[in-house]
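Open your viewer and get your selection tool ready. We will go from one stop to the next, with something to pick at each.

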Amino acid sequence: NDVAFTYDALLPVSGETSAGSTDFGPDIRLGTTPSGKAVRFAHLASYDEIDGAYEQITAYLDAKDIIVNDAFIEEYLAFGDKSNSPETMINILVQPKK
């Protein structure tokens, strides 16, 4: 909803790590990056305009009858110094359900 949401931040870790390791602190858990097929949408506008991008993505998926997993993945390629910076570039990835 518009009041609250949950998210996972994904950051690459180099080197060997073990599942359940607390080397990074108690609030950080190690996991596997999502894999498999995905549909990529490029958002090349300010972050303030991302709601419109999600509306277009949802309309496209509905029109094509593509059922996707509940999570959307945002990959930040470039982000301006403010949320309205036009040089923002974000890939939005969605994975079709199998």
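Predicted model: local features only at pLDDT ≥ 70, side-chain atom pairs only at ≥ 80, totals over all residues.

**Stop one: the pocket lining**

The lining of the largest pocket splits into 20 nonpolar, 10 polar and 8 charged residues. Residues are numbered from 1 along each chain as its sequence is written, and side-chain values use heavy atoms, with hydrogens and water left out.

Select Tyr7, Asp8, Ala9, Leu10 and Phe72: of the 38 lining residues, these lie nearest the centre of the largest pocket. The space in this pocket is about 1,800 Å³. A pocket here is an open set of points on a 1 Å grid over the protein atoms alone, where a 1.4 Å probe fits, with protein on both sides within 12 Å along at least five of seven lines; lining residues have an atom within 4 Å of a point. The volume is the space filled by probe spheres set on the points, which are joined across faces, edges and corners.

Now colour α1 (50–63), β2 (68–78) and β3 (89–96), each of which supplies at least two lining residues. β2 provides the largest share, 8 residues. Helices (H or I, at least four residues) and strands (E, at least two) are DSSP runs numbered from the N terminus.

**Stop two: the nonpolar core**

Next, select Phe41, Ile50, Ala53, Ile57, Leu61, Val68, Ile90, Ile92 and Val94, the 9 residues of the largest nonpolar core. Two or more of them come from each of α1 and β3, and α1 gives the most, with 4 residues. Such a core is a set of buried Ala, Val, Leu, Ile, Met, Phe, Trp, Tyr and Cys residues joined through side-chain atoms within 4.5 Å. Buried means under 20% relative accessible area, exposed over 50%, and partly exposed in between (1.4 Å probe, protein chains only).

Centre on Phe41: leaving out residues up to four places away in sequence, it touches Ile57, Tyr60, Leu61, Ile90, Asn91, Ile92 and Val94. Contact means heavy atoms within 4.5 Å.

Move to His43 in strand β1 (residues 39–43). Which backbone oxygens does the side chain of His43 reach? Show that of Ser46, at 2.9 Å, and that of Ala45, at 3.3 Å. A polar contact is a pair of N or O atoms within 3.5 Å; within protein, one must be able to donate a hydrogen and the other to accept it, and residues adjacent in sequence count only if both atoms are side-chain atoms. His43 is buried, with a relative accessible area of 6%.

Beyond four places in sequence, the contacts of His43 include Glu49, Met89 and Thr88. Thr88 sits in the loop between β2 and β3 and is buried, at 0% relative accessible area.

**Stop four: two loops**

Pick Asp48, in the loop between β1 and α1. Its side chain and that of Ser83 are joined by a polar contact of 2.8 Å. The C-alpha atoms of Asp48 and Asn84 are 5.5 Å apart, although 36 residues separate them along the chain.

Finish at Asp65, in the loop between α1 and β2. Asp65 is exposed, with a relative accessible area of 65%, and its phi is positive, near 55°. Most residues other than glycine have a negative phi.

Conventions: Nonpolar A, V, L, I, M, F, W, Y, C, P; charged D, E, K, R; others polar.
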